[in-house]
Amino acid sequence: MTENKGVLIYGELVSGRLSSTTTELLGCGRRLADQLKEDLCCVLASDAVGEAPGQAIAFGADRVYAVEDSALKEDQADAHVQVAEKMASEASPRIILMGQTPTGRDLAPRLAFRLKTGLSTDCIDLAIDPETKLLQQTKPVYGGNAHALFTCDIMPQIVTVRAKAMTPLEGDDSREGDVIPTTVDIDTSVIRVRIVEKIKEEVTGVKLEDAPAIVSGGRGIGGPEPFKTTLKELADVLHGAVGASRPPADNGWVPEAMHIGLTGKIVAPDIYVSVAISGASQHIAGCSGSKTMIAVNKDPDANIFREASFGVVGRYEEVLPALTKKLNELLAG
Amino acid sequence: MSEINMIVCCKQVPDPEAPPSAFKVDTAANSVTLPPDIKPVIGQYDEFALEAALRIKDKAGGKVTVLSLGNKLVRDVIKKALAVGGDELVLLEDDAFEQSDSWSTAYALATAIEKIGTYDLILCGRQSSDWDAGQVGTGIAQLLGVPAVTLARKVEIDSGKAIIEQVIPDGYQVVEVGLPAVVTVTSELGNLRYAVLRGIMAAAKKQPTVWKPSDLGLDSSQVGAAGRHTKLVRLFQPVKEAKCEIVEGDSAAEAGANLALRLRQAKIL
Ligand SMILES: Cc1cc2nc3c(=O)[nH]c(=O)nc-3n(C[C@H](O)[C@H](O)[C@H](O)COP(=O)(O)OP(=O)(O)OC[C@H]3O[C@@H](n4cnc5c(N)ncnc54)[C@H](O)[C@@H]3O)c2cc1C
Ligand SMILES: Nc1ncnc2c1ncn2[C@@H]1O[C@H](COP(=O)(O)O)[C@@H](O)[C@H]1O
């Protein structure tokens, strides 16, 4: 049996470039590989990998396996898992890192169960135990109410990593590494899910993940309208976007794409204004990386005040328009 | 197609919506404890999965078998699945199932599903409300060799296939998959219906089928803590320093305006 060595990242592309989560994985993977004094390699599999392999090297990879195949055009986990399984056996890494993204969530359990190894999803902290060389995998559990540290002594050790939990390196184009074009025979007959159509739900304005400021509304908002008026007006003053906790999305007040939290989007803006949100751990999981959190809630005992740096206790219908108006004056003046 | 056989995997968990302050960690036992007044529930996403099955049953008929693995499962809690319209309850219940991880859970559930034998659709929650792993559904599919579709917000059966609306970033896609298949369900599917009195009474009379590892042909090294692939080294609560500055005013509106001034003064804006 070959010895398992090195760290392998299963990367993701967005329009021919590395996704931001992949650059985060590379930053984290580099650190782990250096600790182990082993290599960091990255698999990039798509119908066209474009300039992403070079980018992956600039962000820390020693070696990039570039797999181009038209069968990878649609994001089908049953196709990707074949690539991941082949690369796992060929590169025989000690550790495989993936993003806790829609793709990674779908792919990682398939891979782990096929390889009969363990998996920790949604990790926020990874370290190498200097004695055993095992990967210490920390992830929030119980909706974020506790953290658990896992290890796995079956190789490879597989984890998915939460978005924005790791810091990418500065991209450095002078870094050297190898790009290895690789062919994997993808058996399309085992892709048993057929995609009939894709429906995009329009979200206008600034993208949540990129917004410098987010004004987020919860169940206490009471209906769809205020998301377009009261909350939107404040977001506009802050040049930010409007988000939501899960109940507004479940109730159809806002599109699912606006839902922030453990099972929604993970955001880390400079300013996060939480409005009529109680502060359940599962919601905080999606916004705890924000630089400054501000809470408006009518209940002085709401848990959100344990998370926020600034707060106002009061009905948002009264607090928000006054806040928006005053900010407008201050920022204009 | 003849009657559709559905299996819904439901896990009993501590109420995930209990206030964060209620969650404590027993570091010696490496487990989470909650005050006794906080009752266990069926995992939220598992309830959505059950609702998906019941909607299919409403429309096309069929049989819904609820499958749960654990130990000392509270009958009143898990029987809710029958009260709302589930037909049968199969419990994998034994001391040996304690401290299962995603691997040993999926392994035992998949073995039980094979023992049940007839199944067209296996429904799971997208993730359990305690370990938040999101692995068991897909894991069962791998072990049984059937396809899996994750994050369903709508599931329908049509001419022997499942038609699923699957949540993707910024929208959803409609996918089609042959049966049998595993589908994991997300919150937008909608809440589980309430139990009606007749359902509650019927559920009270039904006896669950209880299987131990030996009933599944598994020995104790394959289940629970012994069958794990991951080791839980440490469970802990990160320390949080309470530091919220409450901005006040004579009225809520004035407090809002004062907040703007304070943020400006603190150079946050
Ligand atoms: C496994 C799992 C995953 C989950 N994932 C997520 C997730 O990703 N994201 C998420 O958000 N939730 C998630 N949840 C749900 C989460 O547990 C909470 O139920 C949810 O976040 C509560 O939303 P909320 O704060 O908007 O509503 P509530 O908890 O109902 O709070 C409403 C708040 O509004 C305040 N309020 C009411 N009226 C006014 C007013 N006029 N002015 C000011 N304040 C007012 C109230 O005081 C209250 O604090 C998940 C749950 C589980 C079990
Ligand atoms: N002990 C269990 N009994 C029954 N179903 C379970 C159990 N554990 C997990 N599941 C199912 O698998 C889904 C995902 O669980 P997990 O991988 O633990 O996040 C849950 O939503 C349940 O539908």
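Helices (H or I, at least four residues) and strands (E, at least two) are here DSSP runs, numbered from the N terminus. The structure described below is a predicted model.

**Ligand 1**

Ligand 1 is located between chains A and B. It is surrounded by 31 residues, and those that come closest are A:Arg219, A:Ser245, A:Ser278, A:Asn297 and B:Glu17. By class, this shell is made up of 14 polar, nine nonpolar and eight charged residues.

A polar side-chain atom of A:Arg219, which is among the closest residues, lies 2.7 Å from a ligand oxygen. Taken alone, ligand 1 exposes 990 Å², of which the protein buries 90%.

**Ligand 2**

The shell around ligand 2 has 17 residues, with B:Cys9, B:Asp46, B:Ser128, B:Gly134 and B:Gln135 coming nearest. Eight of the shell residues are nonpolar, seven are polar and two are charged. Strand S6 (63-70), helix H4 (102-116) and strand S8 (121-125) of chain B each supply at least two residues of this shell. Strand S6(B) gives the largest share, namely three residues.

Oxygen atoms of ligand 2 make polar contacts with B:Asp46 through the side chain, with B:Gln135 through the backbone, and with B:Val136 through the backbone. Taken alone, ligand 2 exposes 480 Å², and 98% of that is buried by the protein. The polar contacts of both ligands are collected below.

| Ligand atom | Protein atom | Distance |
|---|---|---|
| Ligand 1, oxygen | A:Arg219, polar side-chain atom | 2.7 Å |
| Ligand 2, oxygen | B:Asp46, polar side-chain atom | 2.6 Å |
| Ligand 2, oxygen | B:Gln135, polar backbone atom | 2.7 Å |
| Ligand 2, oxygen | B:Val136, polar backbone atom | 2.8 Å |

**Helix packing**

Two packed helices are described by the angle between their axes and the distance between the axes. In chain B, helix H4, which supplies residues to the shell of ligand 2, packs against helix H5 (residues 136-144) at an angle of about 55 degrees, with the axes 9 Å apart. H4(B) and H5(B) are therefore oblique to each other, and their crossing is right-handed.

Helix H6 (residues 230-237) of chain A packs on H9(A) at about 25 degrees, with an axis separation of 9 Å. Angles under 35 degrees count as roughly parallel, and H6(A) and H9(A) are therefore placed in that class. The crossing of this pair is left-handed.

A further pair in chain A consists of helix H3 (residues 77-91) and helix H4 (residues 102-115), whose axes come within 9 Å and cross at roughly 50 degrees. The arrangement of H3(A) and H4(A) is therefore oblique, and H3(A) passes H4(A) in a right-handed crossing.

**Backbone features**

Most residues other than glycine have a negative phi, and most peptide bonds are trans. Against this background, which peptide bond at A:Pro156 is cis? The bond in question joins A:Met155 and A:Pro156, with omega at about -10 degrees. A:Pro156 belongs to the loop that connects strand S10 (146-151) and strand S11 (157-161) of chain A.

Chain B also contains a cis peptide bond, between B:Leu179 and B:Pro180, where omega is about 0 degrees. The loop between strand S11 (171-178) and strand S12 (181-185) of chain B holds B:Pro180.

Finally, B:Lys72 is a residue other than glycine with a positive phi, near 50 degrees. B:Lys72 is found in the loop between S6 and helix H2 (75-78) of chain B. Strand S6(B) is also the element that gives the largest share of the shell around ligand 2.

Terms used:
Residues are numbered from 1 along each chain as its sequence is written. Chains are lettered from A and ligands numbered from 1 in the order in which they are written. This is a predicted model: local features need pLDDT of at least 70, side-chain atom pairs count only at pLDDT 80 or more; totals for chains, interfaces and linings use all residues. Side-chain values use heavy atoms; hydrogens and water are left out. A residue is near a molecule or strand if one of its heavy atoms lies within 4 Å of it. A polar contact is a pair of N or O atoms within 3.5 Å; within protein, one must be able to donate a hydrogen and the other to accept it, and residues adjacent in sequence count only if both atoms are side-chain atoms. Accessible areas come from the Shrake-Rupley method with a 1.4 Å probe; for residues, only the protein chains shown count as cover. Ala, Val, Leu, Ile, Met, Phe, Trp, Tyr, Cys and Pro count as nonpolar, Asp, Glu, Lys and Arg as charged, and the others, Gly among them, as polar. Axes are lines fitted to C-alpha atoms, for helices over the stretch in contact, and angles run from 0 to 180 degrees between N-to-C directions. Angles under 35 degrees count as roughly parallel, over 145 as roughly antiparallel, 65 to 115 as roughly perpendicular and the rest as oblique. A crossing is left-handed if the near helix is turned anticlockwise from the far one by less than a right angle, and right-handed if clockwise.
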